[in-house]
Amino acid sequence: MIVRIPRKHRGKRDPLLIFGAAFLLFLVLFAIFAPVIRDAQLKPPGAESFSSVYDPVVDDAGKALKPFQPPFGKAILGTDEIGRDILARLAEGARISLMVGFIVQIMALLVGITVGVLGVYAPRWIASPLLRLTDAMFAFPDILLAILIVSVVRTDTFEGFLGPIGKMLPVIVALSFTAWPSIARLVRSQVASLKDREFVVAAKANGASTFYLATRHVLPQLMGIIMAVSMIEVAGTILAESTLSFLGIGIQAPDPSWGSMINAARLNMSSHPITLLWPCLILSLTIFSLNFVGDGLRAALDPKNSRA
Amino acid sequence: MRRKIAVDSLAVRLGKTILLRLLFGALSLLFISLVTFVADELAPGDAATVIAGEKASQERVILLRKQMGLDRPWPVRYAEYVGNMAQGDFGRSYFGTTEPVSSILKRTLPMTAKIAFMAIALAAAIGIFLGTIAAVYQNRFADRGVLTVSTLGVTVPNFVLAPLLVYIFAIQLDKLPQTWDVVLVAPEIYYLILPVCILAARPMALLTRLTRASMIDTMQQEFIRTATAKGVPRLQLILKHALRNAILPVITAIGTSFGFLLTGSFVIERYFAIPGLGSTTIEAIQQGNMPLVQAGVFVTGALFITLNLLVDFLLPVLDPRIRESQV
């Protein structure tokens with residue numbers, strides 16, 4: 001999936017766009033190398049391999065340090081209320097957030113594109129109920145439906161299921177349910193407007209099947225806009241996951257999600273505001289970068305902007 | 001004569017539109033009630049297992065289920081569920097004093113509604129004002145400032161904004177209370193300032209951006225050029241000619257952004273320990289108190305649908321073109 005950006009935009013250098021893209025690259029690396037960061041920060045010298053984001057940082061003698069270590073000491077960003085290393089927990093949280101965002105978006109795209117295309121090409125008795133359902137989903141404000149779903153799908157249902165994904169599964173299921181309708185609506189309107197364009201009609205006249213038309217002629221046209229919108233949707237998903245975790249109904253303690261880290265740190269805000277700063281900063285920058293890169297991509301792909 | 005007929009049929013058409021909208025609103029409510037019902041069906045355990053307690057024998061649970069009518073087929077129970085809700089009966093809370101959910105709603109809903117409506121009013125007023133300023137001074141300093149702040153407002157989550165503002169205004173300056181107190185020591189409005197402002201931030205930023213875009217679009221229209229040419233005073237041009245036209249998509253967006261605000265109130269109520277519907281619902285989720293969860297979700301959805309209905313009715317009042325064209 002390569003998004004072609006018109007030449008006249010390639011030369012334009014928007015510093016915020018560059019910053020956003022750079023930050024996202026950093027975030028992905030941060031998440032990939034989370035175990036390395038954890039070991040570098042936490043492994044006591046001489047120890048075999050044991051280190052964990054669930055246990056307090058220990059000094060050279062193997063004794064647990066006091067909680068709320070200031071930054072730039074033994075732990076680069078300091079330690080939290082139980083003495084756990086904040087940098088290692090942020091990296092683990094990045095893994096969770098990116099994984100949830102990515103998986104939910106894949107699910108949303110699968111369902112949303114299918115529903116959107118069926119809404120245009122399928123016979124009425126299939127298309128019409130699907131579109132009614134899509135519209136009905138908008139009766140739920142924002143993440144209210146996700147809140148309802150996580151109240152039903154409890155974490156213990158998936159204990160040990162699929163390894164590390166099991167603990168994220170309730171959140172992934174809940175957010176997948178809420179994420180697909182906007183994609184479906186976008187795809188439907190785009191497909192409907194492309195359906196009668198000359199190149200599609202020409203292919204049809206040459207005897208192409210509806211399936212071939214949809215997958216080979218119409219959908220490839222939408223890849224750019226879908227990519228751009230997906231970026232912004234992933235930002236919304238990551239925000240939603242943090243919100244659920246902040247409320248205590250998303251990723252459960254002691255697993256580190258940025259949302260639950262903020263919730264824990266705010267209780268000691270007046271005495272240790274710095275502990276609260278880090279998760280707030282990384283979450284805000286992530287949402288900001290995804291929005292900005294998505295917006296930039298969308299603007300670059302919009303033919304209306306080509307004169308700018 | 002002809003004119004009179006036209007007016008009559010317009011009224012009839014308007015009446016039909018209103019009825020259709022109301023019907024659509026009712027269907028949306030029905031959909032939400034169905035989803036909350038299905039959620040309860042899928043949740044592990046039911047009212048009988050909770051009331052019988054963990055140690056109860058299998059026979060007792062089955063007996064209780066029979067007594068409570070839980071062994072009937074689901075369509076019957078769903079019809080009863082909707083019928084009860086229509087009469088304001090949401091069942092009883094599973095735990096604690098097992099008080100009726102409706103009385104919990106009566107206690108907590110006014111607070112949430114008050115905060116939500118104050119926040120949306122604040123967001124709309126400031127959003128439209130700032131958006132207009134930005135559009136009028138397009139690409140100048142004021143515009144850049146407004147755009148930057150509104151971009152931040154859209155992207156900064158409210159549970160990040162909350163500690164920031166609390167740190168500044170409650171901890172450092174010590175002007176406002178940090179959280180709700182069990183017994184309020186200051187007038188209620190002092191407790192509401194921070195929550196309402198934080199809640200309003202995101203919709204405010206969205207409405208600002210939308211007003212700006214819509215105003216810039218309108219200001220380029222021909223009729224504005226005509227009005228400028230015939231010498232309409234600038235303020236009147238902006239307020240009466242441009243803003244009245246540009247504001248329509250913004251009004252629609254007030255309805256949709258109310259959605260963020262409602263779920264945001266779950267976060268903010270929990271953050272400030274405000275005894276409202278949001279914090280009550282979250283607590284109920286953590287306890288597995290399904291009747292209360294269902295009621296919380298249903299009422300929040302109902303608030304959202306009601307405000308969007310109001311917006312739908314407001315649009316034709318504000319715009320004669322919509323009034324004329326509605327079939």
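A crossing of two helices is termed left-handed if the near helix is turned anticlockwise from the far one by less than a right angle, and right-handed if clockwise. By this criterion α10(A) passes α11(A) in a left-handed crossing, helices being DSSP runs of H or I of at least four residues, and strands runs of E of at least two, numbered from the N terminus. The model is a predicted one, in which local features need pLDDT of at least 70 and side-chain atom pairs count only at pLDDT 80 or more, whereas totals for chains, interfaces and linings use all residues. Residues are numbered from 1 along each chain as its sequence is written, and chains are lettered from A and ligands numbered from 1 in the order in which they are written.

Helix α10 (residues 258-265) of chain A packs against α11(A) at an angle of about 150°, with the axes 9 Å apart, the axes being lines fitted to C-alpha atoms over the stretch in contact and the angles running from 0 to 180 degrees between N-to-C directions. The two helices, α10(A) and α11(A), are therefore roughly antiparallel to each other, a term applied to angles over 145 degrees.

Between chains, the contact takes 30 residues from chain A and 32 residues from chain B, two residues being in contact if their C-beta atoms, placed from the backbone, lie within 7 Å. On the side of chain A that touches chain B, α6 (144-152), α9 (210-247) and α11 (273-301) each supply at least two residues, and the largest share, 8 residues, comes from α11(A).

Chain B itself contains 13 helices and 0 strands, and its C-alpha atoms fill a box of roughly 85 × 70 × 30 Å, taken along the principal axes.

Note on methods. Parallel < 35°, antiparallel > 145°, perpendicular 65-115°, else oblique.
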